[in-house]
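Q: Could we go through the charged side chains of this protein together? I would like to start with the pairs they form.

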Amino acid sequence: MNLTIILKMTKKIRKFLVVVDDTTECHRAISYASQRAVRTNGKLSLLRIINTSDFKNLYGVEGIMKQEAEELAQDILKSLSEKVHGETGLIPEIIIRFGDPLIEIINFIKEDKAISLLVLAASSESGKPGPLVSQFTGTKVGSFPIPLTIVPGNLSEKTILALT
């Protein structure tokens with residue numbers, strides 16, 4: 001066996017993870033991550049977390065609300081997946097998890113050893129980086145299990161393409 005074949009056999013697939021939430025900056029993170037995945041022969045994972053604390057103390061309707069939230073999450077992820085596929089040819093992995101978003105993101109990263117980078121986008125609003133960026137750049141950043149890329153909120157699609 002030559003060295004080229006051995007290297008190909010041991011090369012790990014890089015997965016770029018984007019958390020899909022209801023912020024506008026989420027789309028910039030998807031754009032950046034999908035372009036990086038294409039250019040590095042990697043994969044893209046889109047993770048949507050349904051915060052179960054939103055359903056507490058709603059006796060009798062909790063199950064219905066969770067089901068409706070899951071159906072909405074599936075629709076959102078399907079739409080974004082189709083957009084990514086149309087723009088890049090990638091077919092993203094789509095994942096839905098239930099629980100506290102911060103905990104679920106970290107748990108998912110620990111479970112899927114192929115995830116090599118979490119991509120977030122900052123809000124373009126002055127002084128407000130966005131909920132996920134705020135959570136992951138605070139005291140937890142030093143112990144985060146993988147590298148984190150933050151896409152500035154003011155970048156255009158053209159600039160994102162140039163950077164990737």
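**Charged side chains**

A: Glutamate 93 is partly exposed, its relative accessible area being 30%. Please keep in mind that this is a predicted model.

Q: Which residue does glutamate 93 form a salt bridge with?

A: Its partner is lysine 15, and the closest N and O atoms are 3.0 Å apart. Glutamate 93 belongs to strand S3 (residues 93-98) and lysine 15 to strand S1 (residues 15-19), so this pair ties together parts that are 78 residues apart in sequence.

Q: Is lysine 15 buried or exposed?

A: Lysine 15 counts as buried, with a relative accessibility of 12%.

Q: What else is known about lysine 15, say with aspartate 112?

A: Aspartate 112 also forms a salt bridge with lysine 15, with the closest N and O atoms 2.7 Å apart. This pair links distant parts of the chain, 97 residues apart: aspartate 112 is in the loop between helix H4 (101-111) and strand S4 (115-121), while lysine 15 is in strand S1. Aspartate 112 counts as buried, at 14% relative accessibility. Together, Lys15, Glu93 and Asp112 are linked in a network of salt bridges.

Q: How many salt bridges are found in the whole structure?

A: The search finds seven. One of them joins the side chains of arginine 48 and aspartate 22, at 2.9 Å from N to O. Arginine 48 lies in strand S2 (residues 43-50) and aspartate 22 in the loop between S1 and H2, so the pair ties together parts that are 26 residues apart in sequence.

Q: And how exposed is each of these two, arginine 48 and aspartate 22?

A: Arginine 48 is buried, with a relative accessible area of 9%, whereas aspartate 22 counts as exposed at 67%.

Q: Changing topic: what about arginine 28, where is it?

A: Arginine 28 is in helix H2 (residues 26-39). It is buried yet has no salt bridge.

Q: Why does it have no salt bridge?

A: A salt bridge requires the nitrogen and the carboxyl oxygen to be within 4 Å. The nearest side chain of opposite charge to arginine 28, that of glutamate 25, is 4.8 Å away.

Q: What lies around arginine 28, then?

A: A polar atom of its side chain lies 3.1 Å from the backbone oxygen of glycine 153. Arginine 28 also touches several residues, including Ala121, Ser124, Val151 and Ile160.

Q: One last topic: how many aromatic pairs are there?

A: A search of the whole structure finds zero. However, the charged end of lysine 66 sits over the ring of phenylalanine 98, 5.3 Å from its centre.

Notes: Residues are numbered from 1 along each chain as its sequence is written. This is a predicted model: local features need pLDDT of at least 70, side-chain atom pairs count only at pLDDT 80 or more; totals for chains, interfaces and linings use all residues. Side-chain values use heavy atoms; hydrogens and water are left out. Rings of Phe, Tyr and Trp (its six-membered ring) pair if their centres lie within 6.5 Å; planes under 30 degrees apart count as stacked, over 60 as edge-to-face and the rest as tilted. A charge sits over a ring if NZ of Lys or CZ of Arg is within 6 Å of the ring centre and within 35 degrees of the ring normal. Helices (H or I, at least four residues) and strands (E, at least two) are DSSP runs, numbered from the N terminus. Buried means under 20% relative accessible area, exposed over 50%, partly exposed in between (1.4 Å probe, protein chains only). Lys and Arg count as positive and Asp and Glu as negative; His and the chain ends are not counted. A polar contact is a pair of N or O atoms within 3.5 Å; within protein, one must be able to donate a hydrogen and the other to accept it, and residues adjacent in sequence count only if both atoms are side-chain atoms. Contact means heavy atoms within 4.5 Å. Lists of a residue's contacts leave out its neighbours within four places in sequence.
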